[in-house]
Amino acid sequence: MFPDITKLRKDFPILDQSVNGKPLIYLDNAATSQRPLQVIDRMNEFSLKINGNIHRATHFLANKTTEAFECARGTLRTFLNASESSEVIFTHGTTESINLVAHSFGEAFINAGDEVVVSEMEHHANIVPWQIICNRKGATLKVLRFTDQGVLDLAELDQLLTHKTKILAVTQVSNTLGTVNPIQKIITKAHEKNIPVLIDGAQGAAHFRIDVQELDCDFYALSGHKMYGPTGIGVLYGKRKWLDRMPPFLSGGEMIDRVTFGNTTFNEIPYKFEAGTPHYTGAIGLAAAIEYLNNQDISILEKYEHELLAEATMRLKQIDGLTIYGEAPEKSGVISFNIEGIHPFDLGTLLDQLGIAVRTGRLCADPVMDHYGVENMVRASFAFYNTFKEIETFYKALIRLKTMF
Ligand code: PLP
């Protein structure tokens, strides 16, 4: 049984508009998803009535804000099933979360001669921070390859993980190929060799139920704006056993215990990693987005998104000269493709003229472009508010544009 999409779409008034004289079809959800009224209203209400800087204040508004911020942390803890709220750190998003771990875990645990393993299908956010720490420490970045179908080669993983490996960082869902990686299996394999694992959940958290204790991942990173929440807010989940032993990332107010000119002692986690005024309005908005998701049947939405993907894949495959990149058996709602003879940027611009929003370019995944020997791709990515009718319009638009060329 499918959810009532017409009803759900009413929560997202942004979708009900025309672009270039055509009804908007928003297929750029992997870049950023739209926010329901419930999130927008919560943030507005907070700004209209409550705002005050958090922690260590005595006045009403600051206390209310602190309460709301810590309550948001609690919502995230439950959403991720972390064993304690202190393991939930608010960041600006997945990029900052991964930088925090690369910098801080790297500072404490990565040394000359060590190795870090990432996969070939990572977003740049899960490559570059590791490259920088490896260069600084004299360590080596190793790469787990994927097959042309877009599947990670787990047999190769066994070879790559050695006593030199200090951490494995891998995405739950590829933002280009849509591959849903078998992260449970990957974590188990790494843990058999006592290697901690960071999961990049930027594309996973909005679509799947996450249980960090069941997964037993050491770190999990997510972005609010990719899960129907606001921009500028994200989360790093980390096991206390690591966070306690990692030095601070950013420094300044909030993250300290006591400062003298001679020495500074640091606050407890999570505050040790939350220097300065956090984006508490964003955290409150993110909690509202999670409550919104909690009010839906995630497994039904997941099935519906899967049907959308299957329908779009079936349609696109009917187009001569169209190549889909990534056809893993386990895929989330992302299709990256090219049409022979049409530059991806031209395709993106012309689709926009027809009111259809897709992404074009290198998709922050240069190694994936290199794998397939292409410069750019077009990417359509789906959310539960997309419809089969939109997919049909998208398909017909592609046919029309192909004929034009
Ligand atoms: N990782 C993946 C898989 C992504 O898709 C993205 C964004 O597209 C990121 C990391 C970076 O997320 P953000 O820009 O929200 O920090």
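**Reading a helix and its salt bridges**

Q: What span should the 20 residues of helix α11 have, and how far apart are its end C-alpha atoms?

A: Helices are DSSP runs of H or I with at least four residues, while strands are runs of E with at least two, and both are numbered from the N terminus. The expected span of a helix is 1.5 Å times one less than its number of residues. For helix α11 (residues 298–317) this gives 28 Å, and the end C-alpha atoms are 28 Å apart, which agrees. This is a predicted model, in which local features need pLDDT of at least 70 and side-chain atom pairs count only at pLDDT 80 or more, although totals for chains, interfaces and linings use all residues. Residues are numbered from 1 along each chain as its sequence is written, and side-chain values use heavy atoms, with hydrogens and water left out.

Q: Which residues of α11 are buried, and what covers them?

A: A residue is called buried under 20% relative accessible area, exposed over 50%, and partly exposed in between, using a 1.4 Å probe and protein chains only. In α11 the buried residues include Leu301, Tyr304, Leu308, Leu309 and Arg315. Contact means heavy atoms within 4.5 Å, and the cover over the buried residues of α11 includes α1 (5–9), β13 (322–325), β14 (334–339) and α14 (388–404).

Q: How many salt bridges are there?

A: A salt bridge is a side-chain nitrogen of Lys or Arg within 4 Å of a carboxyl oxygen of Asp or Glu. By this rule the count is 21. One of them joins arginine 73 and glutamate 274, with N to O at 2.8 Å. Because arginine 73 lies in helix α3 (residues 60–80) and glutamate 274 in the loop between β12 (264–266) and α10 (280–294), the pair ties together parts that are 201 residues apart in sequence. Arginine 73 is buried at 1% relative accessibility, and glutamate 274 is buried as well, at 5%.

Q: Where do arginine 315 and glutamate 311 lie?

A: Both lie in helix α11, four residues apart, which is about one turn of the helix. Arginine 315 counts as buried at 19% relative accessibility, whereas glutamate 311, at 22%, counts as partly exposed.

Q: Which residues do salt bridges with shared partners join into one network?

A: Asp28, Arg359 and Arg379 are joined into one network in this way.
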